[in-house]
Structures are given as C-alpha cells and as structure tokens.
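Here are a few friendly notes to read alongside the model. Take them one at a time, and keep the 3D view open as you go.

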Amino acid sequence: MTFWNLKETDIDRIALGVGILGTGGGGNPYLASLMAKAQLLQGREIKMVRPADLAPDAMVLALGGIGAPTVGIEKIEEGDEGVRVLHAMERLIGRRIDAVMADEIGGGNGIAPMITAAKLGLPVVDADGMGRAFPEVQMTTFFINGQSTAPTALADASGNVVIVSQATSPEMLEKLMRAGTVAMGCTAHMGTAPMSGDFVRRFGVPHTVSQSWRLGDTVLNARAKKTNPVAAVLEQEGGALLLQGKVVDIGRKIEGGFVRGRLTVAGLGTFSGRLLEVDIQNEYLVAREEGKILSMVPDLICIMDSETGRPVSTEEQRYGLRVSVIAIPSPSLLRTELALASVGPRAFGYDFDFVPRGQPTVARPVEAYGLQK
Amino acid sequence: MTKQLRIGVDVGGTNTDAALLQGEEVLSTIKTATTANVTDGVSSAIRAVLLAASVASDRVGAVMIGTTHFLNALVERRHLQRTGILRLCGPATRALPPMIDWPEDLRLVVDGGAALVGGGVNYDGSSIAPLDTDAIRLACRDWRERGIGAIAICSVFALVDPRMEIAAAEIVAEEVPDVSVSLSHRIGKTGLLQRESATILNASLHRIGHETVAAFRHAFGELGLSCPLYLTQNDGTLMSAEYAERFPVFTMASGPTNSMRGAAFLTGLKDAVVIDIGGTTTDIGMLVSGFPRSRGEGATVAGVRTNFRVPDVFSFGLGGGSRVRDGDDLRIGPDSVGFRLPEKALCFGGDELTATDIAVAAGLVDLGDKTRLKHLDRAVVKAALNKMKRDVEAVVDQMKPGPDPIPAILVGGGSVLIDGFLEGTSVSLRPEHFGSANAIGAAIAQVSGEVDNIVSLEGQSRQSAVEGVIAEARRRAVEAGAAEDTVVLAEIDETPLSYLPGNAMRIAAKVVGDLNS
C-alpha cells in the first residue's frame, strides 16, 4: 500500500489548511497540531493512505473531539481517548479496525485522528465527512448517506466510555453525545459507527488532508515569496474572491449554545464602495451584497487576513481587520439533494434553496504519496 | 491622588526616562541613556530629574519604575532559575507535556523536570482526581537533591478552584523549604498550556526579581530615598516591590502601556488612539476608559506562548532614526540607525538620510544643522512626510473600534515626524511633555486587580457569581498595594460558553484603585 509519511513541517501546513477549511469555526488547530508533532517527536509515525487504496472490506473508524473549545484549552486531552474509543469499538464489532479518519477536516478535528493512529500504528485515511467544518454530527456525508448511528462511542480522559447501541436518528445521536460530553466535563473523543472501505471510498470527501496541506503550503510559499497569499489560494482552489476590504461591523450573541451573528466588510481598493454581509453560526454561512446572495452554505465561505493569508475565525473578528472573503465551491457530495437536507441553507433555518457557485472541488492527493512505498 | 511628589521611571532599550510630578503637575522630565547595569541608569535618571527641579530626595513619596529588565533576562536566557514543574491533572492533559512549545534553547536552561500528578478539577469544580500527595513529595525530593530553586504549580481549572494548587504549595514548602513557588491561578487565565508556561517563566525569574528589587532598594538608600518602590505591570498599573518580587513576569509589557497611560494623563482623554513614535519603532494602541485595550490572544514572551493580557499594540518600523531611501519606490524604515542617530543623521553631520532629517528639512523641528539638508529635493521631503503619515493613518484605522473619527494623541520623541491632522481622527494632539509620556505614565499609575475565570452557575445565581469574581479582583488589588476605599470596577466581561449548557460562564473582572499611601 502507498503511504504518505507525515513530517513536522507537514503538520504545520495541514494546521494552516484545516484552519482555512474551518470556514470561521471548527476550533483552533494549534493544540491538535502540537499533539500530532509530539507523537512524531516520540518516534511514532503518522501515515496517510488514499481512500482508493483502502480494501473494500477494510474497517474504518471516524474519530474526533467533541465539546466546548474553551474547556478543551484547559482540560487538554489525555491522548488515549481515541484509543479507548477504538478499543471499545473493536470489542463491540468483534474485529480489528484497519484505519481511522476525521469526521470533520475543518479545524483541530482534521488533525485529531492522527494522534490515535500514531499510537496504534494505524493509517489515517486522506478524506473526511464534511470537507469543511459543520457544528453537528448528523452533518457528515457519512450520516447523510446512511452510516449507522450505532454503535457510537464516547471516551474521556478519566477512563469513562459511553456506548450508544441504538439511536433513533443522527439528530438524536447528536443530542446523546452532547449530553454525555457535558457529563464528562465538556471534552471527549467520539467515534461513530465503523464504516467499510467501500463506503468511505464512495461517501468520504476525498483527499481533504492533502487539500489542507496544499492550502497551507500555498500560503507559506506566497508569504516566503512576498506574493499575495489569498490570490494563491484562489488559484489553488478555483475559488472566487467575493470582497477584499475591512471589517466595519460585527454583531455576535450566543443562542442555544451556538455563536450567531453578522459580519459586515467594507470594500477597499478595487472593491471600494461595496459592502458585504456574512451570516455567522459558529461558521460563516451566507454572504450577501445589497441583499443579493453571493455564496451560501454548504459552499465554503472563508475569511483570510488579506496580507498574511491567515484564516480569521469568527471569534477573532473585530473592526478594522483587513480581510479577504473568498468562496470555495463545496464538494459534490455536499451538493446532492439528500445532503442539502442536512447541510443546505434550509437546514440552518433559511427559507431559500441552495444555489451552487462554481464547479465542485476535487482535491488531488499530494505528491508525497508517490515517494514512499 | 495626594499632592505628594512622585517619580516615574521608564527603562527602555535605548533611553531611560524619568519624570517628577507633584499631584498632577509635571515638575521636570529627563532623558538619559540606558546602562548595561539597569540600576545605575535608574539612579542617574532619578538624580537628574530631582536636580532639574531642585527638589530634595526626602520629599519624594513614591517611585514607580517600568522596566524591560526581566523580559531581557528571558530573551538573553540569562540569570534564569531552573524550575521544577508540578502539574495537577490526573489522567487529563497528558497529550501535551509542559514546555512542549518552548524554544529548545530556553527550555534547556529552565526545565528542571516535570511531574504530572493526581489532582485538577473540571469546569464545574468537580474533581478530576484527588490530589496525589505522595507523588508530590516524591517529585519534591528529586528536586531538592538536584538543587532546584524554583517550582511552578499548575492545576487544571485552577481558576475555577485554586485549593489544590494551594494545598500542593504547602506540601512543597514542607519538603523543599527554601524553594520559591509560583501558582498558576495567580499568574494567568484559562488555557492550561499558556498559563503553565507563564507560571514557569515567573518561577524562573524569581531570583533575578529578588536581586533586582534588592539592587533598586540599595540604590534608593544611596539616593537618600526612603519612599516605597513600585513597578509598573502589563496593564499600566502598579505593584509594590514585594509583589513584583513574587510576580516578575507581570512587568513584561509595561513599556507601551506606560506611554499610553501618560498620553491619557497629559491630554485628559480617556478614549483615544495613542501613537508613540520613538527612535526605531512606532507603537499604536487604543485607550479605552483611560486604559490600553488588551489583545484577544495572549502575548508571546521570548518565544513562549502565554495568555497574559497585554496591550493590543501594533508596532512597526518607523521612528526618528528610520533610514529613508529615495528611488523609484520611496522607502522609510523599517531599519533604523537607532541610538546612533546623533552621529548618523545628515543634520548632525552624518551620512545617512533619516526620518529626522526629513522632519528638520520640512521645518517640523529645529535640530542640528539645517544647511546640511539644502540639497534635499522638496518633492522628496513632501513625499516622505506623506508616506509616514499614510502609514500611521492606515494602522490607526485598523486599531479603531469603529468607523467614527476618534481623537489621536501623539507621544514619544519621534512624534515630530507627523505633520498636522491625521485622517480618520477627530483631533490630533501632541501634548506638552510628549517626549516623556512613558515616565509620566509610570508616575501616575494606579493599582489593579484582575480575575478571568470560568464559573459554574450550578447552585449559585449569576449575580453572586459575578460578585464573587469582583471580590477576588478587589482582594488582589489591595494585596498589590491599592487603598481599599478607592478601588472601583474598571471592566467586567461575561461570556456564556458555546457548546455548553447554560450553566457555565466566563467572567472577567478588573478593578483599579489609588496607591495606598
């Protein structure tokens, strides 16, 4: 099987890329990237494998952190939470797990499975179930396409493991997991029902770790060459620059556990005189100009510092920041009728239908795969 | 504020400034060169500022010093104490051991070994694991044998419940009686790794903190001063010398803060943008209710990520010593002739075109020999002035809280580079004594207390939770030297936590009061 053996510098690139794919949310990748690098420093390996290289009957476990980011920066993970989830799962299904992967590539969760994989010597699949960040578990391409809600496992640092052996819907599963996480002190690791290699090949968003790496690499190269990192990202992703300007207004409030608000960006330079509004619910959801919708969920609205290309999260937004608002077409797996019921505008409470923008992205695996056998 | 005499001193990289104040009146200001031995420079600045006003040293009621001395010790990796680290965490947090994101060379100097032991609480105050006293004693014995002189203790969610850190400190004191101990709940805010790093930095600076304060006291004796000594901290407020010995790490970002507080005092403005232009850099920050706005993310100190609240200051390479290059593309800075301005600038007989030469040629300031600038093209002078102003305006706009024009205060010796009104501001002021705003800011500083905590609302009302946080902030202000009856609430911030049910809140409070004198 062909692997991509990650180095520390790869983690740095991926951390930057998953920040961009976080579309304003997804949690800060910093601690996750430190944990991944700590694994490499201890001599362990993080090996990526392409979904196409998975055996059709391979057993794949999607893993990630769940909880409040504000708590996660204080009660940092023990490191074996994912291992406990995986072992519980193996006992439940009566066979070995062959590979792990991320439910969500956006933010720190795009990196989280690497820690468990390194500890157990398992490969990580270069794919995920969102191609970006979304707030809830039912919003993965896996659940959208029929992944079983059970068994699902939740583990904390202290050794508690919760198993859901039956859930009536992915939405109900989300509620049960959230309640369990609160009982565990608001940080936990979750693993959803193991999937076959064939299922992951069909319904996983392919090569999103590679995509993150390329995004990070593109930004770092542009910085080194002192060229425009935002333009480089757009060229890389085939996205569109919606507006370049500065933040002139930010309204935020917490509603039902989510950060909701609206951001207003006033154009500068060639965009002078134009005004863009972006709706926020943890992530950037809808971008409008004079009432006309320019981009909407599930397409990716990313906001980057115009000068450095650093992704700017919803919490960091404030008046005066010089930002570029870009739209990246969502992967085709998020654009199906079935998917839009879970991740389209109506799923987020809007009364309009999804109008796609641009051709769906298809990320290529990085060249590093070709170098190692 | 009483009418007693106070001396403010700001020790910068190049200059040590001092100001003598009586009540709100500035009696004298002085600028001297910073010396290798910080205490000598401070002594001579104090002597000079007293001499300039013909005031006897026994009339001085308080001296306030802002210094980058401890920061320099970290940056240069000098005089640091090897520190033992005790993390109270139970099974949690082990994915990231202490100092994992430190620069390797600094870690090698400071790292005295870490023990991760039973303890710590969850966000709601429930225990992660009981305090493992045996493991603490075991670690202490190892540190004692190896002669470790400083210990940092950091418990998970120590800000929710600090009792385990306090209990651990008592055990440490029994086992290693002469060691200095730093507790994380007194140092930083939520964010374990950064708070722990800040606590380790503080512990490693303990000895130099002690020595420096002792040296200042000795110098005071020689100067005939018998008044209390205070140091200014990151937020522009004061701490007593005794407090500074225990918390040297709080002095890290006092420089820009002192300038901003001085600017507020000199103009009477409480909400404004402050532009502090020195010899090498320009620092631009916002005054909100008379205090510098702090930055959302924490400060990186000597390459170490911490989560101190430091002023939200944007610094860039523009100052009186900035090199000016005329060509197709006019460039000013970011490189500078620095402290060699008096020999390098054209107007002083040197051979480098500097920002100061531009200001002199434009008639903004009268320095050196103007005739040496006759050859300068008027268009170049005008373009350079415009460029400096535009660069400052762009940053001012980025720092402003909203689109409305706000007042701008220009301070620092280099502020003469800016000619006239700044776009986006309502008024541009350059007050009297603008060159010594930093020392004046130190002299007029108040005392603060600050708490930033996650509070569970199980079993208590929001009101009582907020009151509890404010009471703790008041307690800290009084401990740091504030007169109890003058302490008022300066900032309160309540944030419900996302992804949590409605029973947890982050509450941050800051109080300020006048010096207890």
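How many Å separate the centres of domain 1 of chain A and domain 2 of chain A, taken over C-alpha atoms?

1. The centres of these two domains of chain A are 26 Å apart, taken over C-alpha atoms. Domain 1 of chain A covers 4-208 and domain 2 covers 228-348; such bounds come from an automatic or database domain assignment. At the place where they meet, 25 residues of domain 1 of chain A are in contact with 25 residues of domain 2 of chain A (contact means heavy atoms within 4.5 Å).

2. A word on reading the numbers: this is a predicted model, in which local features need pLDDT of at least 70, side-chain atom pairs count only at pLDDT 80 or more, and totals for chains, interfaces and linings use all residues. Residues are numbered from 1 along each chain as its sequence is written, chains are lettered from A and ligands numbered from 1 in the order in which they are written, and side-chain values use heavy atoms, with hydrogens and water left out.

3. Chain A has 12 helices and 17 strands (DSSP runs, numbered from the N terminus: helices are H or I with at least four residues, strands are E with at least two). Its radius of gyration is 19 Å, close to the 21 Å that the globule rule gives for 373 residues, so chain A is as compact as a globular protein of that length. That radius is taken over C-alpha atoms, and the rule is 2.2 Å times the number of residues to the power 0.38.

4. Of the 373 residues in chain A, 64% are buried (under 20% relative accessible area, with a 1.4 Å probe and protein chains only). Among contacts in chain A with a separation of 6 or more, 73% are between residues 24 or more positions apart.

5. Now turn to chain B, with its 14 helices and 23 strands. The radius of gyration of chain B is 24 Å, close to the 24 Å from the globule rule for 517 residues, so chain B too is as compact as a globular protein of that length. Its C-alpha atoms fill a box of roughly 80 × 55 × 45 Å along the principal axes, and 58% of its residues count as buried.

6. Chain B is assigned domain 1 (81-204), domain 2 (316-439) and domain 3 (446-513). The centres of domain 1 and domain 3 of chain B lie 24 Å apart, taken over C-alpha atoms. Their contact takes nine residues from domain 1 of chain B and 10 residues from domain 3 of chain B.

Methods
Buried < 20%, exposed > 50% of the residue type's maximum accessible area, 1.4 Å probe, protein only.
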